[in-house]
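Dear colleague,

I am writing to hand over a structure for your attention. Please find it below, followed by an account of what was found in it.

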Amino acid sequence: MILRAFLWVLGALVLGGIVHLSTVLAMPQAAKQDAYARLAPVAPVNTMTTLAPPSAQASVMPFMDPAFAVAVCRYDISSGPLKLNAPVSQAYTSVTFYTRNSVAYYAINDRAAGRRAIELDLMTAEQHAQMPEEEVVTAADRLIIESPTTTGLIVLRALAAEPGLMAMARRALAAAQCRIEPQQKP
Amino acid sequence: MRLFFGSCFTLVLAAAIGLGATWLTLTRGVAFGALTIGAWTAWPRSGSVDIDPYARATIARTGELPVGTGDGVAFYARTDAAGKPFDGRCSFAISGITPAARFWTFTLYDPDGRLVANTIDRHGFTSAEIVRDADGRFTINIAPRARPGNWLPTGGIEQFVLVWRLYDTPIGVATRTTKEGPMPAIVPKGCS
C-alpha cells in the first residue's frame with residue numbers, strides 16, 4: 001500500500017518536472033505583455049519612434065533607465081533588408097538588436113562603431129546569402145547584421161549625463177532613421 | 001477504481017508541482033550564470049544569445065528588455081546583507097568605488113520596475129552628475145526625507161529595488177572576482 005502510494009507520488013514528481021520545464025520553455029511564445037507587445041501600439045513597423053521618457057506614472061516597459069533617451073524601430077524584414085542610420089549623441093549612444101522574443105543578439109556602442117554616425121544593414125541569413133557578389137565587396141565598409149528572426153526590435157539609447165541634457169539626447173535620436181531598402185529589379 | 005483515483009491524484013499533484021515551480025522561478029527571477037559582488041547581482045549572459053530559458057521566460061513575462069552585452073551590464077540589489085528587502089521608510093548610505101566603465105547610472109525602482117514618485121523628481125544618479133569628495137569617492141543617501149549631498153528619495157514606499165548599470169565596461173561574462181569589479185557597499189542607517 002505504502003509502496004503503491006510512493007510510486008504515484010514519484011510519478012507526479014516526474015510529470016510535474018515535465019510540466020515545469022515545458023511551461024518555462026513555452027513562456028516566451030505565450031507571453032502577452034512582452035516588450036514587443038508593449039511597443040506594438042506606440043511604435044509603427046519599420047519606423048524609428050522616440051519613446052516617452054519613463055516616469056512614476058507611466059512607463060512603456062519596466063526597469064527603463066531614466067537617464068537615457070530611447071528610440072525604437074520595430075522591424076519586419078520579410079520584404080527586404082533594413083537600413084539603420086543613427087547619429088551619435090555627445091555622451092554615449094548604443095544600439096541593441098532584439099529578436100521578437102526580447103533576446104539581445106547584437107549590441108554596439110558609439111565608440112565601437114568608431115564614427116560620427118552608426119550605420120548598419122539588417123538582414124536575414126537568407127537575404128545575406130542572396131546578396132550579389134559585387135555588392136558584398138562594395139559593402140565591405142558597411143556593417144551587416146544578420147537577424148535570427150524576421151521581426152524584432154532595434155533599440156537606440158542616448159545618455160543624458162545630466163537631466164538638463166535630455167532634450168539634446170532626444171534631438172539626436174529624432175534624426176535616426178530605419179527603413180526598408182527599395183527592392184532592386186533583377 | 002483505485003487506478004482511476006491514483007491517476008487523478010498523480011495528475012493534479014503533477015500540475016500543482018509543475019506550475020508552482022514555474023511560478024516560483026519566474027516571480028523570483030531565477031537565472032543561471034549570476035555574477036554576485038557584495039549586495040549586487042548581475043546576469044551578464046541575459047544580454048546575449050546565450051541567455052538561459054529561465055531568464056528568457058522571466059523577461060517575456062515582465063516585458064523588460066535586458067541590457068545588451070556590447071552595451072553594458074546591469075547589477076540588481078533587492079535585499080540588504082541580512083536578506084531583508086529594502087524598506088523605503090528606512091535610510092541607507094551607498095559609498096565606495098565602481099568598476100571601470102565609461103558611464104554608470106544608478107536608479108531606484110519599486111519591485112515591479114516602476115519609478116517612484118517624489119517631490120524633487122529624482123530617480124537616480126549618473127556618474128557625470130554625482131557629487132564626489134576630493135578623492136573621487138561618493139556617498140549616496142537613500143532616505144524618505146531630504147538629506148544633504150547626493151540624496152535619493154524613496155518616496156516612503158514599502159519596498160524598493162536598486163539597479164546599477166555600467167555602460168561600455170569590461171565587466172561581463174568573463175568577470176570572476178570582486179577585485180575586477182568592486183561595487184559600492186550598501187549600509188543601513190536606521191528607520192524613521
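Is B:Val163 buried or exposed? Please keep in mind throughout that the model is a predicted one. B:Val163 has 21 other C-beta atoms within 10 Å. The cut-off for a buried residue is 20 or more such atoms, so B:Val163 counts as buried.

**The surroundings of B:Val163**

B:Val163 belongs to strand S9 of chain B, which covers residues 161–167. Leaving aside residues up to four places away in sequence, B:Val163 touches B:Ala74, B:Tyr76, B:Thr107 and B:Tyr109, and also A:Phe63 from the other chain. A further residue to look at here is B:Ala77: 86 residues separate B:Ala77 from B:Val163 in sequence, yet their C-alpha atoms are 6.4 Å apart in space.

Strand S9 of chain B is also part of an open sheet of six strands, whose order is S1-S2-S3-S9-S5-S6 and whose pairing is antiparallel. At the edges of this sheet are strand S1 (35–37) and strand S6 (124–126) of chain B, each of which pairs on one side only. From one strand to the next, the twist averages 20°. Between strand S5 (residues 103–109) and S9 of chain B, which run antiparallel, there are seven bridges. In one of these pairings, B:Phe106 has B:Trp164 in S9(B) as its bridge partner.

**Where the two chains meet**

**Chain A as a whole**

Chain A has six helices and nine strands. What is the radius of gyration of chain A, and what would a compact globule of 186 residues have? The value for chain A is 22 Å, whereas such a globule would be near 16 Å. The C-alpha trace of chain A spans about 75 × 50 × 30 Å along its principal axes. Of the 186 residues of chain A, 42% count as buried. Among the contacts in chain A with a separation of 6 or more, 69% are between residues 24 or more positions apart.

A:Phe63 is not a glycine, but its phi is positive, at about 55°. A:Phe63 is buried, because 24 other C-beta atoms lie within 10 Å.

A:Ser102 is likewise not a glycine and has a positive phi, of about 70°. The loop that holds A:Ser102 is the one between S4 and S5 of chain A. A:Ser102 has 25 C-beta neighbours inside 10 Å and therefore counts as buried.

Strand S2 of chain A is mostly covered, with eight of its nine residues buried. S2(A) pairs with S1(A) in the antiparallel sense over three bridges, and A:Thr49 has A:Val72 in S2(A) as its bridge partner. S2(A) is also joined to S8(A) by nine bridges, and these two strands run antiparallel. Here A:Asp76 has A:Thr151 in S8(A) as its bridge partner.

Which residues are buried in helix H6 (residues 166–174) of chain A? They are A:Ala169, A:Ala172 and A:Leu173. These residues cover an arc of only 95° around the axis, so they are on the same side of H6(A). A:Ala167 and A:Ala174, on the other side of H6(A), are exposed. The cover over the buried residues of H6(A) includes S1, S2, strand S3 (82–87) and S8 of chain A.

With kind regards

Notes:
Residues numbered from 1 in each chain as written. Chains lettered and ligands numbered in written order. Predicted model: local features only at pLDDT ≥ 70, side-chain atom pairs only at ≥ 80, totals over all residues. Helix = DSSP H or I, 4+ residues; strand = E, 2+ residues; numbered from the N terminus. Buried ≥ 20, exposed ≤ 12 C-beta atoms within 10 Å, placed from the backbone. Contact = placed C-beta atoms within 7 Å. Rg over C-alpha atoms; globule rule 2.2 N^0.38 Å. Pairing = 2+ DSSP bridges. Axes fitted to C-alpha atoms, helices over the stretch in contact; angles between N-to-C directions. Arc of directions from axis to C-beta.
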